[in-house]
Amino acid sequence: MTMKVADYILARLSEWGVEHVFGYPGDGINGLLAAWGRAENEPRFIQARHEEMAAFDAVGYAKFSGRLGVCAATSGPGAIHLLNGLYDAKLDHVPVVALVGQTHRSAMGGSYQQEVDLHSLFKDVASDFLETVTVPEQLPNVLDRAIRTAYARRAPTAVIIPADVQELDYSPPTHEFKMVPSSLDRSGWSAVPSSTAVERAAEVLNAGERVAIMVGQGAAGAREEVQRIAETLGAGVAKALLGLDALSDELPYVTGSIGLLGTRPSYEMMRDCDTLLTIGSSFPYAQFLPEFGKARGVQIDLDPHMIGMRYPYEVNLVGDARETLLRLLPQLERKKARGWQEEIISGVRRWREVTAQRAAVSADPINPEYVAHCLDPLLPSDAIITCDSGSVANWYARHLRMRGEMRASLSGTLATMGCAVPYAIGAKFAHPDRPAVALVGDGAMQMNGMAELITVAKYRQTWEDPRLVIGVWNNQDLNQVTWEMRAMGGAPQFLPSQELPDVSYARFAESLGITGIRVEKPEQVEQAWREALAADGPAVVEFLTDPAVPPIPPHATWEQMEATVESIMKGDPDRAGMVRQGLKAKVQEYLPHRKKTAEKTAEKTAEDKARDATDDA
């Protein structure tokens, strides 16, 4: 039987080691779908509910496997739907290849049905490599380059195949003029900086007395080396959100996350250090880094295009994190004074007391921090954790401690809603023998998570460890934006945009044959997590949480708290609860050892202010 172009594409993907393609069918890829039938579904086609989810599946697969993620979509609307997931890959530097259908070549330019200018559509998101296959001889070069580029640039690429081209007989490029042959092999490689640059970096780090280290996802392969350098320099280590699993939180000098969703120890360490070493991170918020001119800086990053940003670093080392640190470590002097690191360790210890106490603060009906706090010690040491954007990311970043072989990620730079469930699905195909946990707000769950429960139900039997636990924070509010409006602009909650319908996520899960658990009281939280993690298949555990508990940033001042109170007094529908919970949470930070007295004082103050506000109204 003659091999068609579509047959060749699938065969070449298999030669590259691709085992899964996440997609949704449509007539623009009918040729590929027919080829999948002839190839007995190799590589395996995984059907999402929506092309955007297919792209997110591929991103999650790539993030947690370290391998290429591949997604496929039809022409027109299918191609358009891929964009958000592909932008997530682009901004988080994840290798993904999109296979996209297009109308027949004879119809192009004729305003034909579902004809979209795909090169214009994808020219930004797939700017590293984007090509349309118009004749069979372009393959395998186009597909090989798309894959190599995705790996090398850690970026999404796209290959567009018109529907009629998919059906053509495949003929390889020949040994003649204007033919472009290709080869399959992709050997491993590591970039390393020059020895002179390493020496300069060592001089800066040796001169520092209060060294702070920040790691991102680029440090994930250098866990042992980061630990050694921190102990040599007597430093603390903060983690960007994409690097939460790069280093264990069991190390006493690891301060946790940094930024708006960060911890107080990370904030204080950056504020007070005299030297900054950044490894594998393009953390964008300069206001959370040392003040310019106050600290000397060294950065290590694999990508010369991304290095030297965010902070005026004195030395920029372009290279693989592990290989660079191995060259740097022998030139570093072990610091004898340990007062700086001991101060950091003390701050971490205090912060953990604060978060525990904040999680224990009473709420109506359940404190959202308490939900994450209860999950933390129950997580298996090999769990894969995904988190959505929104207020749930605050609780993920501050209460879950990475340990063992845990992996974790979210949409870091794009910060898009709706990624946690498809990320977890991709993770389950990358590691079918490991449990996955997705942390989701009710807004993201309504946006697309509920539909993807159908995908979970469809493929649950294919996973060796069938556990995929989805925790939903149900507060009937788009809570992160609500709090941003209050704290930053002093504006009260605008219910028409922020209020969400109350949906029973647990009952919806049960309708699909998935375990569903609804939690309405604080005393049920821990047991619910236990039941979900012990289930013999996927589970959705839904917590009714209090939207009045504020996601206070680590640098929050009393002035910002007062702005929040002011917005509430202007007419926020939940003003009494906001004052009460905001003061309670802030008191825990300043008076961690006087919880009961502080909480009573906060409640009395809140009640007085709420009563005054009601009287004024």
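Arginine 530 is partly exposed, with 42% relative accessible area (partly exposed sits between buried, under 20%, and exposed, over 50%, using a 1.4 Å probe and protein chains only). Its salt-bridge partner is glutamate 526, at 2.9 Å from N to O (a salt bridge being a side-chain nitrogen of Lys or Arg within 4 Å of a carboxyl oxygen of Asp or Glu). Both residues sit in helix α21, four residues apart, or about one turn of the helix (helices are DSSP runs of H or I with at least four residues, strands runs of E with at least two, numbered from the N terminus). Glutamate 526 is partly exposed too, at 36%. Elsewhere, shared partners join Glu225, Arg322, Glu323 and Arg327 into one salt-bridge network.

This is a predicted model, with local features needing pLDDT of at least 70 and side-chain atom pairs pLDDT 80 or more, while totals for chains, interfaces and linings use all residues. Residues are numbered from 1 along each chain as its sequence is written, and side-chain values use heavy atoms, leaving out hydrogens and water.

Turning to the rings, the whole structure holds 13 aromatic pairs (Phe, Tyr or Trp rings, six-membered for Trp, with centres within 6.5 Å; planes under 30 degrees apart are stacked, over 60 edge-to-face, the rest tilted). Tryptophan 473 and phenylalanine 543 make a tilted pair, since their centres are 6.1 Å apart and their planes at 50°. Tryptophan 473 belongs to strand β16 and phenylalanine 543 to strand β18, so this pair ties together parts 70 residues apart in sequence. Both residues are buried. Phenylalanine 543 also pairs with tryptophan 529, again tilted, at 4.9 Å and 40°.
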